[in-house]
Amino acid sequence: MGQLKILMVAEKPSLAKSIAEHLSRGKYHSRNTNLDVHTFEGTFLGQSCLFKMTSVIGHVLSIDFPKEYQNWEKTDPVTLFDAPTVKNEANPKARVCKHLQTEAKGMDALILWLDCDREGENICFEVIDNTARYLAPPSVPALKKQRIFRAKFSALSAQEIQGAMKKLVEPNKNESLAVDARQELDLKVGVAFTRYQSRFFQSKYGNLDSSVISYGPCQTPTLNFCVERHQAIQTFQPEMFWTIHARVMCSGQPVALEWSRGRIFDEKVCEFFRRTLLEHPHFKVIDVVEKEERKGAPPGLNTVALLKAASSSLGMGPQHCMQVAERLYTSGFLSYPRTESSAYPPNFNFKEILVGQCSNPIWGEYASSLLQGTIRTKGGVDAGDHPPITPVRGATEDMLGGDAWRLYEFVCRSFLGSLSRDCITKSTKMVLKAGDETFSAHGTSVVSPGFTTIMHWKAVSPKILPRVQKGDSVPVKDIEMTSGKTGPPDYLTESELIGLMEENGIGTDASIPVHINNICERGFVSIESGRRVVPTELGITLVRGYQSIDPELCKPFVRAYVEKQINLIAKGGAEKEAVVEHCLDQFRQKFLYFVDHITKMDSLFEASFSPLSSTGKVLSKCGKCNRYMKLIPSRPSRLYCSTCEEVYAMPQGGSIKLYKELTCPLDDFQLVLFSLGGSDGKNTPLCPYCYNNPPFEDAVKIGDKASGGMPCTTCFHPTCRHSPARQGLASCPQCDNGTLVLDPISAPSWRVDCPLCDFLMYLPKSLHKAKIARGEVCDSCGASLVALDWKKGSTESETLPTKACIICDEAISSLCEVKHAKSYVKRRSGRGRGKGRRGRGRGRHQRVDPLLSFHAF
């Protein structure tokens with residue numbers, strides 16, 4: 001019997017390398033492909049085997065609508081609730097699917113080392129879809145029962161990884177289906193509402209300053225919390241109040257007293273009490289109460305507690321906090337940072353972590369003291385996922401630095417604090433009386449600081465009262481009546497918002513930062529001083545509109561109900577299809593009601609924003625009415641014809657201006673020029689009508705689905721002077737579908753570029769003018785010849801031809817400079833290697849509309 005071959009897959013390349021190092025004890029060999037592969041020998045199921053460890057880069061697949069549902073103009077949003085969905089490769093440029101299929105061929109078994117949460121479970125089955133059918137037939141009896149295994153781990157330590165290898169389980173299909181259900185619901189509900197309201201309001205108002213007016217089942221309730229607090233602030237009515245402050249002398253020390261009546265909302269009544277108290281030069285001590293109080297040590301640190309503390313104490317936003325925590329996790333400094341549990345499991349190895357912290361120059365001595373005693377933890381919740389967040393190995397500020405060190409220090413101190421004794425204090429309450437009025441003073445002293453020694457931000461500030469006894473009479477120092485006004489609540493802080501989201505079941509520990517980041521990026525809120533979340537005019541108007549039509553659209557209990565249904569799927573208590581169908585039916589009815597009553601929200605927008613007709617500046621002529629259209633510069637940039645009442649989407653992220661008053665030969669619209677900033681920014685001529693309504697069925701578009709279209713540089717029409725037929729030079733050497741076109745306004749730095757990718761090539765600097773020689777092509781490569789007008793007096797004007805192929809002519813091509821341009825084509829990130837025609841893969845030029853991904857909602 002030959003050696004077994006085992007394929008292992010982790011979630012990130014860095015994790016794959018760490019796991020391989022721990023399992024092989026450092027004796028592994030690496031092979032560089034588009035995703036690295038680490039091989040080593042070992043034993044599995046009692047047999048000698050060869051392990052092959054590789055990785056994915058997050059989700060392998062992403063959910064989307066089929067092509068026929070992706071056109072914003074032609075697709076009725078209500079049909080999206082019943083539309084089919086497809087799973088596409090999430091990152092085609094990285095060629096993850098092909099990599100998994102290749103590495104799985106001939107392997108005997110598969111071990112999955114994905115993150116141990118629901119998303120990780122979902123990625124497990126995405127990996128299985130791309131590997132299971134490529135595995136070799138079972139070669140040993142044990143593999144006939146099970147060939148796919150799941151490793152469960154919470155930290156990248158040798159003990160944790162080696163322990164997980166000994167306790168392999170099966171992947172959890174139900175948890176994966178729960179993620180699939182959430183993805184489908186978020187996609188269909190979010191996109192339907194987003195498309196409808198974006199098109200409706202952007203076609204009527206010009207100063208919205210938001211590229212997309214999005215709706216999300218989690219995003220919108222999150223925004224609602226912020227707007228409700230804003231409304232409470234705006235509707236708050238301040239009220240005058242009066243109170244009495246008194247000070248007495250005890251053992252020669254002034255002591256401030258609190259009046260038992262607190263605030264009085266009638267000035268004359270308060271003045272009456274003041275005059276009455278002035279008749280008493282001494283106050284009598286009627287009681288002195290001393291008692292010991294305990295401030296319990298905190299439980300373990302979970303994700304939500306980390307996010308709240310990072311925002312309120314470290315000044316780090318939740319999205320940034322999780323990015324830093326994940327880097328610390330993948331580097332082996334912290335345990336897995338996504339967990340709902342705050343209680344340590346019974347068999348948790350505290351000693352190993354404490355030993356690793358004993359050498360720390362700041363808290364090493366404190367960690368050593370904990371090792372000497374009995375470790376007791378109490379409180380917390382065991383959610384059954386991962387243990388609380390803890391350090392894994394020691395580090396210093398010099399090793400990490402910046403935010404990474406500050407977050408690591410907080411986690412370490414929190415961990416040590418959770419193993420410490422309670423903080424014990426002694427409180428003293430002194431009660432005094434003058435006539436019928438009662439006053440009191442409070443003092444605190446620290447008996448044992450306990451966990452506050454290491455968690456200094458929770459330390460108790462001592463306040464010592466002078467010694468008095470019951471029955472003592474103390475002289476009055478002064479009595480004052482002061483006034484004030486009741487104040488409104490402040491805007492929610494990020495920390496408070498995170499707490500509300502957790503309390504109301506909005507999002508998970510993994511998605512809460514994403515939802516907060518989304519409402520910031522959409523322009524619905526802004527983060528101000530003190531990390532307060534302040535809603536913008538657009539955010540306020542949106543929520544007020546939902547409240548006027550259907551408050552449930554923005555209330556948290558709807559999403560909380562959906563999450564309960566999804567949890568049933570994860571626990572095997574409900575079928576995915578039944579839950580999705582039921583929830584979609586509820587949201588479909590809400591969507592139809594929303595559409596029927598959109599005028600209520602429209603009236604609020606009308607009061608807050610300017611109509612298109614009164615915004616923007618005159619730019620170009622409409623081909624239908626021959627009247628001038630206006631450019632609306634605020635996000636999203638667009639052209640508006642007030643006569644035809646038509647809106648034309650424009651590319652985003654650059655400047656738009658009239659292009660030489662040239663007109664389109666197809667529809668008589670004046671052309672405009674879209675330019676990106678910087679010396680290497682592209683210039684793209686386009687017809688507003690053709691851009692939004694491509695005249696050819698297979699027209700190649702640029703940009704995203706919301707604002708993308710066909711520019712002149714991808715037009716097939718032979719009479720369009722800017723089409724590839726007139727300005728095309730040759731096929732792009734970098735991408736499959738692009739054609740290099742001459743930039744007609746790039747003088748004096750003449751250049752050619754590809755409208756579909758970021759390829760850019762500067763022609764020789766000594767050129768005065770360049771243009772495509774129509775109808776003349778190179779005999780060698782088939783590229784169009786270029787007419788070259790060299791600058792007078794230059795060496796090239798005497799030695800080089802005036803018409804040539806700039807690709808084949810070595811003398812000319814050696815003077816060209818290839819660069820990467822700033823391109824507005826959305827490109828997927830990845831680890832693809834190679835230049836030119838190398839590194840091409842299937843799906844390379846598929847562009848993703850962020851609105852059609854559930855992650856954006």
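**Strand pairing and helix packing in the predicted model**

In this predicted model, I632 stands opposite R638 of strand β19. The two strands concerned are β18, covering residues 628–632, and β19, covering residues 638–641; three bridges join them, and they run antiparallel. Both belong to an open sheet of four strands in the order β17-β18-β19-β20, with antiparallel pairing. At the edges of this sheet lie β17 (617–621) and β20 (646–649), each of which pairs on one side only. Direction ignored, neighbouring strands here are turned by 35° against each other on average.

Strand β1 (residues 4–10) pairs with β4 (residues 47–55) in the parallel sense, over seven bridges. Within this pairing, V9 has T54 of β4 as its bridge partner. Strand β3 (residues 37–44) is also joined to β4 by seven bridges, but these two strands run antiparallel; here T39 is partnered by K52 of β4. The hairpin of β3 and β4 has two residues between the strands, and L45 takes a positive phi near 55° in this hairpin.

Turning to the helices, α3 (residues 118–129) packs against α6 (residues 173–202) at an angle of about 100°, and their axes are 8 Å apart. Angles of 65 to 115 degrees count as roughly perpendicular, so α3 and α6 are roughly perpendicular to each other. On the α3 side, the contact is made by R118, E119, E121, N122 and F125, while α6 contributes K173, E175, S176, A178, V179, D180, R182 and Q183. Sorted by class, this contact has seven charged, three polar and three nonpolar residues.

How values were computed: Residues are numbered from 1 along each chain as its sequence is written. This is a predicted model: local features need pLDDT of at least 70, side-chain atom pairs count only at pLDDT 80 or more; totals for chains, interfaces and linings use all residues. Side-chain values use heavy atoms; hydrogens and water are left out. Two strands pair if DSSP finds at least two bridges between them. Axes are lines fitted to C-alpha atoms, for helices over the stretch in contact, and angles run from 0 to 180 degrees between N-to-C directions. Angles under 35 degrees count as roughly parallel, over 145 as roughly antiparallel, 65 to 115 as roughly perpendicular and the rest as oblique. Contact means heavy atoms within 4.5 Å. Ala, Val, Leu, Ile, Met, Phe, Trp, Tyr, Cys and Pro count as nonpolar, Asp, Glu, Lys and Arg as charged, and the others, Gly among them, as polar.
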